Structures are given as structure tokens and as C-alpha cells.
Amino acid sequence: MDFLKQNSIFALVAQRLSFGLLTLFIISLLIFIGVEALPGDFAEAILGQSATAETVEAFRQELNLDQPPVQRYFSWLGGFVQGDLGTSLANGRPIADLLGWRFKNTIFLASIAALIAVPLAVIMGIAAALYRNTFFDKVLSMTSLSMISFPEFFMAYILIALFSVKLAWFPSIANINEQMSFAAKLNAVVLPALTLTLVVMAHMMRQTRAAIINILSSPFIEMANLKGLNRLRVVVLHAFPNALSPVINVIALNLAYLVVGVVIVEVVFVYPGLGQLLVDSVSKRDIPVVQASGLIFAATYILLNLIADILSIISNPRLRNPR
Amino acid sequence: MITLLSHLRTAPLSAKIGMGMVLITLIAAIFAPLIAPFGETEIAGDVWLFSSSTHFLGTDSLGRDMFSRLVYGARNTIAIAFLITFLSFVFGVTLGFVAATIGGWVDQLLSRMIDILMAFPTLIFALMVLSVVGTSIPALIIVIALLDSTRVFRLSRAVAMDIEVMEYVEAARLRGEKLWWIMRHEILPNAMPPLVAEFGLRFCFVFLFIAALSFLGLGIQPPAADWGGMVRENAGAITFGIFTPLWPAAAIAFLTVGVNLIVDWALHVASGLKD
């Protein structure tokens with residue numbers, strides 16, 4: 001019996017995994033077709049009206065546009081898997097070089113934000129649920145509702161105005177490079193990390209609160225209360241283990257959101273990350289770079305969502321026993 | 001109408017504040033030419049003036065009156081966001097209802113397609129699509145409406161699923177009513193409360209989304225006044241201690257907080273009605 005149960009979890013996880021891979025495959029196809037569907041010739045569109053027939057032809061060859069689409073798709077995808085992302089149209093450099101350290105920077109910023117946001121949000125969410133409908137809860141709920149309604153850049157500029165212009169504690173431009181020490185890097189990313197933290201924390205806190213309240217209203221908690229157990233014991237030993245699954249899910253989903261939310265924050269703080277590169281390349285219409293960074297963002301996002309899915313299957317007894 | 005008004009009177013304070021905030025923004029948007037002291041793109045003074053009696057909120061990076069641009073910006077941004085949300089509901093609700101009422105392979109196909117689209121971060125998707133089709137207003141509207149309709153689809157499908165098993169839908173089916181009639185006359189009226197609340201939420205999301213795109217320079221293009229774009233144009237001022245870019249950003253926050261306060265209450269009412 002136990003073995004069968006284990007097996008069905010594996011089946012579920014395998015199912016999610018294959019769905020994730022399939023999604024990624026279809027996304028890559030969409031990204032590729034999107035460029036294909038460009039009205040007129042891609043080479044002409046980039047080079048403009050004034051280009052001679054010879055330059056257009058040379059450009060087409062350089063981009064392998066003279067080969068059939070199916071062949072090009074697979075050579076693009078094949079190259080991608082092996083780490084060869086092609087070359088940028090704007091400056092002719094290999095895209096892998098451009099993306100590598102920027103992706104590291106983005107992950108660095110996102111993980112610092114996550115390290116601050118996750119514990120704070122979970123603790124505050126639990127506290128808000130425990131003392132719900134008190135003054136504390138209402139203030140927290142109003143604040144988090146406003147945070148969700150604020151655009152990221154509003155938060156960012158308020159922080160800049162306060163900590164960078166008025167108090168001059170932190171730089172308003174988060175320029176980092178590889179020579180900088182870890183502490184210097186940390187100092188540079190304080191404000192962007194704080195912005196991200198505030199944005200993502202509000203979501204996480206509200207969802208954690210909702211998840212805990214949901215658990216607290218279930219019969220077994222009422223039973224524990226009726227038995228006269230003290231409040232702390234009920235929350236820590238009875239409610240929390242059951243709330244773990246939704247809370248883990250909330251965290252993972254918000255981390256996925258964080259990776260995307262980073263785009264705007266990077267632009268505000270001129271932080272050399274993947275998001276900034278993506279936005280720059282979109283306005284320059286540097287399509288190969290857009291494709292590559294878009295696919296990396298998508299893969300990260302899908303991966304984090306997949307982890308959320310799998311963790312919630314593993315930690316939820318009801319999902320462990322599918323119908 | 002009378003029930004709606006009495007409903008409004010029972011609204012909690014927070015929802016009333018929200019309505020006030022939305023109303024102020026709407027009045028600014030509708031009567032923009034009457035309220036704004038200067039034209040939308042009129043150069044009215046020096047660059048980045050502080051607020052004064054002639055320039056209520058100072059001037060922007062090109063010397064245009066900030067208050068006037070804020071008022072006109074309300075018009076452009078809200079109109080486009082509303083149009084997108086409306087379109088997204090037309091797509092999403094229609095497809096969601098179709099999936100729920102027909103069921104079977106149609107439902108499977110639609111749901112799986114939407115699953116895949118939703119597995120992709122919206123902002124990244126929009127950026128990629130816009131890099132290919134270019135940033136014209138029609139392209140912006142259709143791309144965001146389509147991306148956003150995936151969320152509407154999920155909700156309207158789930159709501160319609162619950163309604164679809166009711167006796168009155170069964171009765172309508174046995175009467176021989178057509179699919180479209182059932183969707184229009186049986187399912188839609190009963191699905192209204194959650195859909196209305198969702199409309200507010202989606203509007204906020206779309207509004208913030210356009211603001212973000214304009215802020216990135218890929219949304220509504222200058223010289224048209226648009227709140228996100230205005231933040232971008234004036235962003236450089238902040239490091240000199242001039243807080244001009246905070247005004248349009250605050251305006252965005254003002255409207256979304258207002259809508260969210262109403263939505264919070266609407267969601268409460270909608271869930272109460274279901275019980």
C-alpha cells in the first residue's frame with residue numbers, strides 16, 4: 001500500500017515535470033515563431049529601407065535566414081541547450097558572454113530580496129492571522145493592500161528620495177562590477193533589494209495570513225482549543241504543520257514573481273542585470289538577445305512554479321492520494 | 001438601481017474612500033480640458049520648476065505644466081486600461097463559458113492552451129511580442145488584452161462550471177435553447193458578482209502593467225501624457241532632490257489603491273452571496 005502511495009506521488013511529480021518541459025518547449029517554439037511571423041523580411045526590417053540588396057542578402061546569410069524555418073529552429077534550440085546563444089545584432093558579441101554575468105547579478109539581487117522577504121512575510125502573516133481583526137492586523141492589511149497597489153517604480157523612487165537624496169545613506173544607482181568586494185556589492189543593492197522586498201512581501205504576507213486563517217477555522221483546531229490547549233501550542237504544533245503546504249506554495253510562487261518583478265527595479269536603479277538587458281534589447285530590436293533572455297526568464301519562472309507545484313504535492317496529504 | 005444605491009450606502013468606510021478616490025480620478029479624466037490650466041503638450045515655463053501659483057505641481061523635464069499633464073494623463077491611461085480590461089473580459093468570459101458549457105475536448109484543448117500561456121511570465125511575454133510587432137497603441141491593446149484574458153478565462157470557467165450543473169440550466173437545455181442563449185441568459189447573470197469583483201482586480205493589474213510598460217519606454221509613446229511615461233521622462237530629476245517624478249507615480253498608486261479598496265468589499269459581497 002505504502003509503495004503504491006509513493007508511486008502515485010512519483011507519477012504526479014513526473015507528470016508535472018513533463019508538463020513543465022512541454023511548456024518550455026512550446027514557449028521556445030512560440031518565441032521562435034513570433035520572430036518568424038514578423039511582417040516582411042526580418043533582415044529588411046532591421047536594416048531599413050535604404051539597405052542594398054547585397055547587404056540584405058549577406059545579413060540573411062549571417063542569420064541563417066536562407067535556411068528553412070524548421071532547420072533553423074532546431075539549430076537555435078540545439079545551440080541554446082549547449083550554451084551557444086548566437087550573437088547580438090547590436091554589437092556582434094556572443095550573447096552567452098553578455099548574459100552570463102548579468103544573469104548572475106539578477107539572481108544575486110533576487111536572492112537577497114528573498115532572504116529578507118520570506119522570513120519577514122511568513123512571521124508577519126502568522127502574526128496577522130493570530131491577532132486577526134485587531135488594530136495590528138488592520139494596519140498591516142491596509143499597508144499591504146497599498147503596497148500591492150503601488151507600482152514598483154513608485155516604491156523605488158520613494159526609497160531613493162528618502163535614503164539616497166535626503167539621508168544620503170545608499171547610492172541611487174546600483175552599479176556593480178566584478179572587482180567589487182561582497183560588502184560593496186551589498187551596499188550597492190540595498191535599495192533595489194528593499195524595493196523588491198516590499199513589493200513581494202505584501203503579497204506573501206496576505207496569502208500566508210489567508211492560509212493560516214483557513215487552517216485555524218478547521219474542526220481539528222477547534223477541537224484543540226476546546227481541549228484547553230494553550231494558544232501557542234495550538235498554533236505551532238497543530239496549525240503550522242498543516243499550513244506548511246499552502247505557505248510553501250505561496251513562497252515559491254512569489255519567488256517566481258520576484259524573478260520577473262526584478263525587470264522594472266533593475267531599470268530604475270540601472271542595475272546590470274538580465275531584465276535591464278532585455279528591456280534595452282527590446283527597444284533596440286536586438287531580436288536574438290530578446291529571444292535568449294526571454295527564454296532564460298521563462299525557464300527560471302517555469303522552474304520555480306514547478307518547484308512550487310511539486311512541493312505542494314509532497315507536503316499535502318490530500319494531493320498525495322489522487323482520486 | 002435602487003438596490004444598487006442601498007448597497008452602496010451599506011458599504012464600509014474603506015470602500016467609500018475607495019469610491020471617492022476613483023471618482024476624483026474619473027472626473028479629472030472626463031473633464032480634462034476644463035480642469036487643466038495648460039495644454040497636454042504645451043511648453044508653459046522653465047524646466048523642472050518647483051510648485052508655484054501658476055504651476056500647481058511645477059513643470060516637467062521639457063517645461064510642460066505637470067498638473068495639466070497629470071490630468072490629461074488620467075484620460076489616456078485610464079481609457080486604454082479600461083478598453084484592454086473590457087476586451088480581455090470579452091475574450092476570457094466567452095471562452096471560459098464555452099469551455100464550461102460544452103466541456104469535453106473543447107474544454108481540454110482550451111484549458112491546456114491557457115495553462116501553457118499562463119506558465120509564461122506576462123511582462124516577459126509582452127516585452128517579447130512588442131519587440132516583434134512594435135509598440136503601437138493597437139498592438140499594445142490587443143497583446144495585453146489577450147495575455148490578460150487567460151486569467152479571466154480561468155475564473156469564468158470555474159464560475160460557469162458551478163452554474164452549469166444547476167437545474168435551471170438543465171431545464172433550458174431540455175427546452176432546446178442554443179448554447180449562446182444559455183450562456184447569455186442563464187449563466188452570465190448568475191456569474192456577475194464574482195466577475196464584477198474580478199473586473200476591478202484585472203483593471204488594477206492592467207493599469208499597473210501599462211504603467212510599467214510605459215515606464216520602460218515601451219507603452220504609450222510620448223508626447224501623449226501617460227502616468228508611467230511621465231515617471232520615466234522625469235526620473236532623472238530625483239537625484240537632484242526634485243520630486244517631480246513622484247507625482248505621476250503617486251497618481252497611479254492613488255487610483256489602484258482606490259479600486260482595490262472597492263474590490264476588497266466587492267469580493268466580500270460576492271463571496272457572501274455565494275454562501
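In what kind of crossing does H5(A) pass H13(A)? The first close-up takes up that question, and the views after it visit other spots in this predicted model.

**Close-up 1. Helices H5 and H13 of chain A cross with axes that come within 10 Å.** H5(A) spans residues 95-130 and H13(A) spans residues 287-315. Their axes cross at roughly 40 degrees, which makes H5(A) oblique to H13(A). As for the question above, the crossing in which H5(A) passes H13(A) is right-handed. On the H5(A) side, the contact is made by A:Ile95, A:Leu98, A:Leu99 and A:Phe103. H13(A) brings A:Pro288, A:Val289, A:Ala292, A:Ser293, A:Ile296 and A:Thr300. Sorted by class, this contact has eight nonpolar residues, two polar ones and no charged ones.

**Close-up 2. The largest nonpolar core holds 137 residues.** The members that touch the most other members are A:Phe153, A:Tyr157, A:Val268, B:Leu127, B:Phe215, B:Leu216 and B:Trp227. H11(A) supplies the largest share of this core, with 17 residues. Another core, of 22 residues, lies apart from it; B:Phe89, B:Ala100, B:Val159 and B:Ala191 are among its members. As background, nonpolar side chains tend to be buried together in soluble globular proteins.

**Close-up 3. B:Trp227 and its contacts.** Setting aside neighbours within four places in sequence, B:Trp227 is in contact with B:Thr25, B:Leu70, B:Gly73, B:Ala74 and B:Thr77, among others. Its contacts also include B:Phe207, B:Pro248, B:Ala251, B:Ile252 and B:Leu255.

**Close-up 4. B:Asn260 is buried in helix H11 of chain B.** This helix covers residues 246-274, and the relative accessible area of B:Asn260 is 8%. Beyond neighbours within four places in sequence, B:Asn260 is in contact with A:Leu145 and A:Ser149 from chain A, and with B:Leu201 and B:Cys204 from chain B.

**Close-up 5. B:Leu179 is partly exposed in helix H9 of chain B.** Helix H9 consists of residues 179-215, and B:Leu179 has a relative accessible area of 34%. Not counting residues up to four places away in sequence, B:Leu179 touches B:Thr101 and B:Ile102. B:Val98 is 81 residues from B:Leu179 in sequence, yet their C-alpha atoms are 8.1 Å apart in space.

**Close-up 6. A:Val270 has a positive phi.** Look for A:Val270 in the loop between helix H11 (231-268) and helix H12 (274-284) of chain A. Its phi is near 45 degrees. Most residues other than glycine have a negative phi. With a relative accessible area of 40%, A:Val270 is partly exposed.

Note on methods:
Residues are numbered from 1 along each chain as its sequence is written. Chains are lettered from A and ligands numbered from 1 in the order in which they are written. This is a predicted model: local features need pLDDT of at least 70, side-chain atom pairs count only at pLDDT 80 or more; totals for chains, interfaces and linings use all residues. Side-chain values use heavy atoms; hydrogens and water are left out. Helices (H or I, at least four residues) and strands (E, at least two) are DSSP runs, numbered from the N terminus. Buried means under 20% relative accessible area, exposed over 50%, partly exposed in between (1.4 Å probe, protein chains only). Contact means heavy atoms within 4.5 Å. Axes are lines fitted to C-alpha atoms, for helices over the stretch in contact, and angles run from 0 to 180 degrees between N-to-C directions. Angles under 35 degrees count as roughly parallel, over 145 as roughly antiparallel, 65 to 115 as roughly perpendicular and the rest as oblique. A crossing is left-handed if the near helix is turned anticlockwise from the far one by less than a right angle, and right-handed if clockwise. Ala, Val, Leu, Ile, Met, Phe, Trp, Tyr, Cys and Pro count as nonpolar, Asp, Glu, Lys and Arg as charged, and the others, Gly among them, as polar. A nonpolar core is a set of buried Ala, Val, Leu, Ile, Met, Phe, Trp, Tyr and Cys residues joined through side-chain atoms within 4.5 Å.
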